[in-house]
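Please prepare a short briefing on the structure shown below, covering its overall build, its aromatic pairs and a few individual residues.

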Amino acid sequence: MPLPADLDTPRQSLDDVGKAYLAALATNDDKALLALEPKPLEYAALLYPEFVKAGEPLIGSMGVQWAWDNLSNSSRKDRPKVLRRFGGKKFLFVKVRATPSPRGAVTLHQKPVVEATLEGKPVDVTGLFAIVERGGRFCVLRYVDND
């Protein structure tokens, strides 16, 4: 199987990810949430090498398989919690705010929060650990339930 040259995602902005995230939450769709994450080969070929080059010592010392397993297992554990907390709610998207942190050819958008409204009131929708950007394409690196 050839290695991917780009992330296989139609998302071309943080806001695209935020809108897709809210749509998946509204329908309680775990598969739609999973589809926002990178695939294993994308992580191995496109993301992991950039994290290692950027000096992420823990990731580099454990190897790509450990890093992927840790990331995907954590996300799989937290996705249902995020759905229990926010699922079924019809949020109206406003914008995504996050802290960009370049890592070589990728940018990690840390601690993203989707600003939205619910029944006319502003609300911050959490549940995203980070969004990663590579070559103008964006995906959710991992879901997290901090509460």
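A residue is called buried when its relative accessible area is under 20%, exposed when that area is over 50%, and partly exposed in between, with a 1.4 Å probe and protein chains only. By this definition F51, with a relative accessible area of 3%, is buried. The model is predicted, so local features need a pLDDT of at least 70 and side-chain atom pairs count only at pLDDT 80 or more, while totals for chains, interfaces and linings use all residues. Residues are numbered from 1 along each chain as its sequence is written, and side-chain values use heavy atoms, with hydrogens and water left out.

**Confidence and overall build**

- The protein chain averages a pLDDT (the predictor's confidence in each residue, from 0 to 100) of 93, and 96% of the residues score at least 70.
- Confidence is lowest in helix α4 (residues 57-62), with a mean of 70, and highest in helix α1 (residues 14-26), at 98.
- The protein chain holds five helices and five strands, where helices (H or I, at least four residues) and strands (E, at least two) are DSSP runs numbered from the N terminus; along the sequence they follow the pattern α-α-α-α-α-β-β-β-β-β.
- The protein chain is as compact as a globular protein of its length, because its radius of gyration of 15 Å is close to the 15 Å that the globule rule gives for 147 residues; the radius is taken over C-alpha atoms, and the rule is 2.2 Å times the number of residues to the power 0.38.
- Along its principal axes the C-alpha trace spans about 45 × 30 × 25 Å, and buried residues make up 42% of the 147 residues.
- Among contacts (heavy atoms within 4.5 Å) between residues at least 6 apart in sequence, 62% join residues at least 24 apart.

**Aromatic pairs and a charge over a ring**

- The whole structure contains five aromatic pairs, a pair being rings of Phe, Tyr and Trp (its six-membered ring) whose centres lie within 6.5 Å, with planes under 30 degrees apart counted as stacked, over 60 as edge-to-face and the rest as tilted.
- One of these pairs joins Y43 and F51 in a tilted arrangement, with 6.4 Å centre to centre and 45 degrees between the planes; Y43 is buried, at 3% relative accessibility.
- Y43 also forms a tilted pair with W68, at 5.4 Å centre to centre and 45 degrees between the planes.
- Because Y43 lies in helix α3 (residues 40-53) and W68 in helix α5 (residues 64-86), this pair ties together parts that are 25 residues apart in sequence.
- W68 counts as buried at 14% relative accessibility, and Y43, Y48, F51 and W68 form one aromatic cluster.
- R142 lies over the face of F129, at 5.0 Å from the ring centre, where a charge sits over a ring if NZ of Lys or CZ of Arg is within 6 Å of the ring centre and within 35 degrees of the ring normal.

- L25 belongs to helix α1 and is buried, at 0% relative accessibility.
- The C-alpha atoms of L25 and R84 are separated by 9.3 Å, although the two residues are 59 residues apart along the chain.
- Leaving aside neighbours within four places in sequence, L25 is in contact with V82, L83, F86, G87, G88, K89 and V125.
- S101, in strand β1 (residues 92-103), is buried with a relative accessible area of 15%, and, with neighbours within four places in sequence left aside, S101 is in contact with V106, T107, L108 and Q110.
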